[in-house]
Amino acid sequence: MKFNENKKFKIMQITDMQEIPAVSPDTMALLEAAVEAEKPDLVVYTGDQIKGYGVTYRGKGKELENAVAKTIKKLLEPITKRGIPFAVTFGNHDRQVGISNKDQFLHIYKSLPNCIGEQAEGIDEGGTCCIPIESSDGSGKDAFCLYLFDSGTDAKGGGYEPFDTKIIEWYKKTRDKLKEKNGAYVPSIVFQHIPLCEYYNVLKRVKKSHKGAIRAFRTHKNEYYILGDTCRKGDMLCEPPSIPNKNTGEFDAISEKGDVMAVFVGHDHKNSFVGRYKNVDLGFTQSCGFNVYGNRTKRGVRIITLDENKPGEYETYTRTFDELVGTKVQRPVYDYLSSKAPETVDAAIPMIAKAVGILAAIIIIIVLLIKLL
């Protein structure tokens with residue numbers, strides 16, 4: 001990877017396609033339109049490319065691998081047919097299909113043209129790598145760096161497992177090697193699926209009665225939040241960040257030397273914002289898949305543009321379905337109902353309790369009416 005002659009480098013982040021073998025035509029329409037409009041230098045997939053849970057992927061062994069590979073090949077066609085390089089990390093749902101992230105990376109993604117990034121040494125699962133971007137002058141100097149981290153999967157008993165401390169140690173060693181090679185710490189951006197615990201530090205805690213307040217769960221149970229003051233105009237917080245159950249120090253590591261200026265994640269499909277905590281921007285990108293819940297025609301992708309002349313800065317914005325494709329979708333009823341569905345088991349519990357309470361009240365009223373009549 002290298003900055004172009006104009007000293008620019010454009011990245012497209014695509015996250016949470018979470019697709020099934022019967023890929024949604026709306027997902028493909030969004031991807032085609034976004035890639036054609038933006039023509040990125042690199043596409044970064046940040047997890048949940050497939051809906052690994054459920055019964056949509058069937059079979060075992062080679063049969064299962066072929067089914068998954070066929071879906072992934074179709075999803076990546078908008079970039080592979082244009083010869084655009086891509087890198088990939090994984091979410092909590094990819095491995096649930098029954099194929100490890102490492103095997104998906106090595107046997108499926110690496111078989112496609114222009115898949116870049118080599119698996120980090122000493123890390124068990126696939127999807128962790130370092131991608132240097134060289135200076136435009138041909139000197140071989142690394143002007144920027146992208147880190148992709150495999151942020152793990154669901155925790156036993158609910159929530160999400162702690163971020164792997166092996167990845168933290170690998171990052172530190174890699175960061176220091178880049179400094180030794182280039183004479184200084186290399187400006188960097190991190191991409192991963194599950195948000196860091198510190199994402200709550202760019203939100204503002206408010207009362208339940210506050211307009212637009214979003215209820216949180218687990219480690220922030222019964223707390224309510226809105227976007228904080230460092231977030232940007234047009235940003236969206238529509239569900240609580242689903243963070244690991246335990247903080248293992250990832251943020252402390254990536255913020256200690258000043259090389260990482262931003263982190264971009266997916267995971268919570270309806271969120272799209274960028275806020276700043278200490279010296280790091282923490283960004284969410286909304287989902288782009290239409291076979292799973294999302295923010296309707298506000299599904300989209302994120303663009304990040306780097307400028308070699310301004311190594312400590314970047315520009316970012318999102319491109320959405322409604323502006324690229326239109327406001328009509330193939331399955332409007334499913335799209336509406338899925339947008340109202342609870343995002344997690346934790347979010348579903350109070351909804352179920354409320355529904356049960358309403359049903360119980362109706363039954364009591366009916367019984368009383370029968371006795372009175």
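Tutor: We begin with strand β2, residues 42–46, which is mostly covered, with 5 of its 5 residues buried. The model discussed here is predicted. The burial of β2 holds for both of its faces: Leu42, Val44 and Thr46 are buried on one side, and Val43 and Tyr45 are buried on the other. The pairing of β2 with strand β1, residues 8–14, is parallel and comprises 4 bridges. Within this pairing, Gln13 has Val44 of β2 as its bridge partner.

Two packed helices are described by the angle between their axes and the distance between the axes. Helix α1 covers residues 25–38 and helix α2 covers residues 61–80; their axes come within 9 Å and cross at roughly 20°. An angle under 35 degrees counts as roughly parallel, and α1 and α2 are therefore roughly parallel to each other. The crossing in which α1 passes α2 is right-handed. On the α1 side, the residues that meet α2 are Thr27, Met28, Leu31, Glu32 and Val35; on the α2 side, they are Lys74, Leu75, Pro78 and Ile79. By class, the residues of this contact between α1 and α2 comprise 6 nonpolar, 1 polar and 2 charged.

Helix α2 also packs against helix α3, residues 101–108, and here the axes come within 11 Å and cross at roughly 65°. Angles of 65 to 115 degrees count as roughly perpendicular, and α2 and α3 are therefore roughly perpendicular to each other. This crossing, too, is right-handed. The residues that α2 brings to the contact are Glu65, Val68, Ala69 and Ile72, and those from α3 are Gln104, His107 and Ile108. The contact of α2 with α3 divides into 4 nonpolar, 2 polar and 1 charged residues.

We now come to the sheets. Strands of a sheet pair through backbone hydrogen bonds, either parallel or antiparallel. An open sheet of 6 strands has the order β4-β5-β6-β10-β12-β11, with mixed pairing. Its edge strands are β4, residues 129–134, and β11, residues 273–277, each of which pairs on one side only. Neighbouring strands of this sheet are turned against each other by 20° on average, direction ignored.

Strand β7, residues 203–206, pairs with strand β9, residues 224–227, over 4 bridges in the antiparallel sense. In that pairing Lys204 stands opposite Ile226 of β9. Strand β8, residues 214–215, is likewise antiparallel to β9, over 2 bridges, and Ile214 stands opposite Tyr225 of β9.

Two individual residues complete the account. Ser255 lies in helix α5, residues 250–255. Its relative accessible area is 14%, and buried means under 20%, so Ser255 is buried. Leaving aside neighbours within four places in sequence, Ser255 is in contact with Asn279 and Val280.

Arg296 is found in the loop between β12 (280–284) and β13 (300–307). With a relative accessible area of 33%, Arg296 is partly exposed. Leaving aside neighbours within four places in sequence, Arg296 is in contact with Phe290, Pro332, Asp335, Tyr336 and Ser339. One of these, Ser339, is 43 residues from Arg296 along the chain, yet the C-alpha atoms of the two residues are separated by 6.5 Å.

Conventions
Residues numbered from 1 in each chain as written. Predicted model: local features only at pLDDT ≥ 70, side-chain atom pairs only at ≥ 80, totals over all residues. Heavy atoms only, no water. Axes fitted to C-alpha atoms, helices over the stretch in contact; angles between N-to-C directions. Parallel < 35°, antiparallel > 145°, perpendicular 65-115°, else oblique. Left-handed = near helix turned anticlockwise from the far one by under 90°. Contact = heavy atoms within 4.5 Å. Nonpolar A, V, L, I, M, F, W, Y, C, P; charged D, E, K, R; others polar. Buried < 20%, exposed > 50% of the residue type's maximum accessible area, 1.4 Å probe, protein only. Pairing = 2+ DSSP bridges.
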